[in-house]
Amino acid sequence: MLAIVSTAMQILTQLVFSGIALGMIYAVIAFGYQLTFATSDTLNFGQGDALMLGALVGLTLVGLGVNYWLMIPIVCIFGAVQGAFVERIGVRPAIKIKSEFGWIMSTIALGIIFKNVAENVWGRDDLKFPSPLPESPLHFLGANVLPMEILVVVGAVAMMLAVEVFNRKSIYGRAVVATFNDRDAAKLMGINTGLVITFSYALSSMSAAFAGVLIAPLTLTGATMGAVLGLKAFAVAIIGGLTSGMGIILGGIILGIAETTTGFYLSTGYKDVPGLVLLLIVLAVKPAGLFGKMAIKKV
Amino acid sequence: MKFNRRTLTTLTLATALSAAFPVLAAEPIKIGVDGPFTGGSSSMGVSMRDGVRLAVDEINKAGGVLGRQLALVERDDESKNERGVQIAQELINKEKVVAAVGYINTGVSLAAHRFFQEAKIPVMNNVATGSLVTHQFDDQPENYIFRNAAHDSIQAPMIVEEAITRRKYKKVAILADSTNYGQLGRADLEKALELKGVKAVTVEKFNIKDVDMTAQLLKAKEAGAEVVLTYGIGPELAQIANGMTKLGWKVPMIGSWTLSMANFIDNAGPGGEGARMPQTFVQEPTTPKRQSFIINYLKTFNPKNARIDSPVSAAQGYDSIYLLAAAIKQAGSTDGPKIKAALEDLKTPVEGVVTTYNKPFSAKDHEAITANIPVFGEVKGQKVVYAYAEDQKVASQVRVKDVNAKGALTVKK
């Protein structure tokens, strides 16, 4: 009896661990949605494609012989430039004319363009991203975890913390927060809100590009990798709340664990359903997201 | 007609061309090629297309068919059913092809073939394996769909035979993707297992682009599976192998022929070693014909590491053109019904890479490959080799079609 209970526990632990790893992948992408929403009330629907570009640029650099760890800052710079480009081309014109929906179409369009460019440059096959860490699993509490999965969790949390600290402590970060609170007031106070918004897009795509190279060794790399992940991350952003960093992490973990446990205990055919049902419930009951309010208080 | 600059240029060009080639009568015979040249199935699509190109090139150099050159009209269906439908209509109505070869994905085949059936244009399906592909029009007097690939009703029993009879496993798990291909294959596997009196301990599903297989694999592990039978395509199959490595649970993978895809072998790395799958062709120069095919393929297309991405697709693509050319030659015409009639009654054997096709088709039977032709391949050292040394030893004796070969499931529509 005890043996049965302990194997059942082991399975649950394994499912939870895999769910957390999967959820953090979603969370780290969802974080990018949050960054731009915080300053401009707009979202970059090409977030998944920013992630894909980051991963593919990273793969090319690694192929050229650049060390994985050295490659990360280069990819981050690339991501920042790409994000600033998206804002200037797609979002700024829409904000200028106070268009409600223009930015939705233009960020989606830019995302598709990036995907097509990537297909032409890198082809459409899924490529292997060499893992910088050993690929043999570690044993932890009776479950197996890949070193790379731990890196994703640590990397994601570190990145979010870094951005939060930046926003709260530095003068630039305060400008970001001020822009979020009241764009017009911030403008009157002498903050260049346009620049702040560009900056937030750069930061958002940078985090996506970073996420790309972080998760690529686990997910396979290819022009189409962003589509499904970007969509799931969007669900996470809604569940967790677009204004809460904490909510994004918890939302990601909830969705990840929901997927793995449903797959095991219910049916692998339905593993995507509970997460989406949760999304519908959250939208109906608490449209700001599970943790939406909390974050507003924090600011 | 409005006369503008564009029509003028076209006219000038046309005049110039007709002056350069006075023999307009010998216009080329157009053959449509449909396959996914991009996306997760592209290693099969591109290898197939290259095999087709190689065969057409050889035939054209030798003078063509009926004194006319063969011309290919290649289209990328991106593994999408709706693209396949558009392409079928384009090939038939706009390009006016004489016949079509290709089709990798069963779903795309089923969606697209009915247009060729209606237009009475033969299709030589050279890669898609769904059992239904050649039986879609069983209720009609004529069927224009032929195939020279090992269909699932052959593959599924082979996989089960390998797992249950040869390697004596008792507890099997089935992991199949949620596409037409995966789910039809899963049904065939269950049927074949039933014939052996075995029921899978667990049957699991996964989606294209899934990145985590923990739940599926844990279920198989908990059910005590000794072997995992797979029906899916390369990238997700690689995630299964990687997931096993992660869970520290390693049982053999035996599955449909897609386990030989380059994007499985590359992405699974060491985790993919030992995977076994039925193959109609292994990249080994076991006959002079196969040797020259491999040499020419590597010389012309120069694939990475001198490894054909999907040797089976390349070989079947190559053979499909020779079968079609033989039928056009025998028919003495490019008329669809006449080519079809010739295919159903080919008088002279066609020497291909996979086998020598001696009366490969009849009015009732549109499958060129029977259960005795495929062998088991195994991933070893990042390429596919013969799984059994005795198969390799006798590989130079070409296995030919045997309509009485045992092992295939009967297909009912």
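**Ground rules.** Because the model is predicted, I keep local features only at pLDDT of at least 70 and side-chain atom pairs only at pLDDT 80 or more, while totals for chains, interfaces and linings use all residues. Residues count from 1 along each chain as its sequence is written, and chains are lettered from A, ligands numbered from 1, in the order in which they are written.

**Chain B overall.** I looked up its elements and got 13 helices and 14 strands; these are DSSP runs numbered from the N terminus, with helices being H or I of at least four residues and strands E of at least two. Its C-alpha trace spans about 75 × 45 × 45 Å along the principal axes. The radius of gyration of chain B is 22 Å, which agrees with the value near 22 Å for a compact globule of 413 residues (taken over C-alpha atoms; the rule is 2.2 Å times the number of residues to the power 0.38).

**The sheet.** In what order do the 5 strands of the open sheet in chain B sit? I read β2-β1-β3-β4-β5, with parallel pairing (two strands pair if DSSP finds at least two bridges between them). At the edges are β2 (70-76) and β5 (145-147), each pairing on one side only. From one strand to the next, the twist averages 25 degrees. Zooming in, I found 3 bridges between β3 (residues 99-102) and β4 (residues 123-125) of chain B. B:Gly102 has B:Asn125 in β4(B) as its bridge partner.

Helix α11 (residues 311-331) of chain B lies across β1 (29-35), β3 and β4, at about 165 degrees to β3(B) (angles run from 0 to 180 degrees between N-to-C directions, with axes fitted to C-alpha atoms, for helices over the stretch in contact).

**Where A meets B.** I get 24 residues of chain A in contact with 26 of chain B (C-beta atoms, placed from the backbone, within 7 Å). On the chain A side, α1(A) gives the largest share, 5 residues. That side has 9 nonpolar, 8 polar and 7 charged residues (Ala, Val, Leu, Ile, Met, Phe, Trp, Tyr, Cys and Pro are nonpolar; Asp, Glu, Lys and Arg charged; the others, Gly among them, polar).

**One helix pair.** Helix α10 (residues 245-266) of chain A packs against α7 (residues 214-222) of chain B at about 30 degrees, axes 8 Å apart. So I call α10(A) and α7(B) roughly parallel (angles under 35 degrees; over 145 is roughly antiparallel, 65 to 115 roughly perpendicular, the rest oblique). Among the residues meeting here are A:Phe264 and B:Leu218.

Note on methods: Two residues are in contact if their C-beta atoms, placed from the backbone, lie within 7 Å.
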